[in-house]
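Hi there,

Here is the structure I promised to pass on to you. Have a look at it first, and then read my notes below.

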Amino acid sequence: MTKLTDSEIARMHPETLALSYGFDPWLSEGAVKPPVFLTSTFAFKHAADGKQFFAWAHGEGTPPPRREMGLIYSRINNPNLEIFEDRIALWEGMRDAYSFSSGMAAIATTLLATHRPGDEMIVCAPVYGGTDSLIHTFLKSLGITAHFIPAGFEAADLAAPLITARTRSIFIESPANPNNRLTDIARMKELAIRRGQAAGRVLVIVDNTMAGPVFAHPARVGADIVLYSATKFIGGHSDVVGGVALANDDALLTAIAQHRALLGGMPNPYTAWLMTRSLETLKIRAEQQQRTAERVAGFLAGHPKVRKVCYLGLLTASDPDYAIYKRQHSGPGSLISFYLRGGEREAFAFLDSLKVIKLAVSLGSTESLAQHPASMTHSGLTAEDKVLGGITDDLVRLSVGIEHHEDLLWDIGQALEKS
Ligand SMILES: Cc1ncc(COP(=O)(O)O)c(C=O)c1O
């Protein structure tokens, strides 16, 4: 079989490599697709190999690169996890990735790996409700304090005076969930470098779940760590829960790997296999979803029952976030939030009247999903954080899938009539 050289790989597009990279069929009976390696443990060829591995694990000597270390135990490594991690790292153009059993496992493990009691975080709000609770309750109980500022073009100015010697990270979801506000990652990185020099490194951590890996690459504009709920666009079919953490810095990658091994948040081999399978269609799904979302957003923006639509594709040069959009995104994606005229009653009437679109949380899947952030995904936020994030009772979040656009426009139209 012809193998691609490193320079040939460097010229290839991620969607090409997502079909084959990191898997040699001739190690698996010629299978074109990777088998699922349903094994918890791997045989050592010699006792000395086992001894060597455990010595490295205890910090003795210099371990070889990760992929040359050999397979030991599926909480530490497994071929299905490694194939997925190789492909998603290549997709993002980042040094390496670690996969997780959920987005929350990726976020929690990464934050525990990078923060110590006494550290402070700056968080651009709104963030996903689970992340918000993790920071407000669990991390707080460990002595890690967070300062919440509103996401948006002004976030860097608000963050600057909050950075102290204790600041360890700036946590960003861009676009923010659910209001689609954008935060300037490059400006945050400049700030982190400038302010962090005296005080120790300030990390810029970006949850890129909402944009997904097709339309935004946060590391290219300065993110030190990129996080995903792979449950969303990466998995893409509402049939798998998973997560990813990516970084370029070896020390950060080692810390994340060690914490994943200790906390046990790796995915099982079948989950990793499903995420790998889904990467093959990520680009065509995301592009089709985006084409339909552009039509849906235009329809909503012109509808008399809709007060305001938050969609990156509707930003214009006069919007303060527009310049960030142009720098950080190659397309608007398929997540739309919109405010109905009315309140919870009208929002619920709309959601209960949908016939094609499913009333469910989550996003980025082949089927369209709609939900009510104030009472569902973001119900746990403090009243103050809800205000920061514009999460009011009249807000609906819509994740556009791959259905025919005419059917979605019909469904939304008939449901709006009943709202
Ligand atoms: C932006 C964002 N980050 C993280 C998560 C958590 O991911 P998971 O549900 O895979 O744990 C979600 C879930 O909705 C999300 O929307």
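Below is what turned up, beginning with the ligand and ending with a sheet. Please keep in mind that this is a predicted model.

The ligand has 16 residues around it, and the closest are Ser102, Gly103, Tyr128, Ser229 and Thr231. Two elements, H5 and helix H6 (129–141), each give two or more residues to this shell. By class, the shell holds 10 polar, four nonpolar and two charged residues.

Helix H5 (residues 103–114) also meets another helix, H10 (residues 250–263): their axes come within 9 Å and cross at roughly 120°. Angles from 65 to 115 degrees count as roughly perpendicular and those over 145 as roughly antiparallel, so H5 and H10 are oblique to each other. The crossing of H5 past H10 is right-handed. On the H5 side, the contact is made by Thr109, Thr110, Leu112, Ala113 and Thr114, while H10 brings Ala255, Ile256, His259, Arg260 and Leu263. Sorted by class, this contact has five nonpolar, four polar and one charged residues.

Now for the sheet. Five strands form an open sheet in the order S8-S9-S12-S11-S10, and the pairing is mixed. Strands S8 (306–310) and S10 (358–359) are at the edges with a single partner strand each, so one side of each has no neighbour in the sheet. Further in, strand S9 (residues 335–340) and strand S12 (residues 395–399) run antiparallel and are joined by five bridges.

Enjoy exploring!

Best wishes

Definitions and conventions. Residues are numbered from 1 along each chain as its sequence is written. This is a predicted model: local features need pLDDT of at least 70, side-chain atom pairs count only at pLDDT 80 or more; totals for chains, interfaces and linings use all residues. Axes are lines fitted to C-alpha atoms, for helices over the stretch in contact, and angles run from 0 to 180 degrees between N-to-C directions. Helices (H or I, at least four residues) and strands (E, at least two) are DSSP runs, numbered from the N terminus. Angles under 35 degrees count as roughly parallel, over 145 as roughly antiparallel, 65 to 115 as roughly perpendicular and the rest as oblique. A crossing is left-handed if the near helix is turned anticlockwise from the far one by less than a right angle, and right-handed if clockwise. Two residues are in contact if their C-beta atoms, placed from the backbone, lie within 7 Å. Ala, Val, Leu, Ile, Met, Phe, Trp, Tyr, Cys and Pro count as nonpolar, Asp, Glu, Lys and Arg as charged, and the others, Gly among them, as polar. Two strands pair if DSSP finds at least two bridges between them. A residue is near a molecule or strand if its C-beta atom, placed from the backbone, lies within 6 Å of it.
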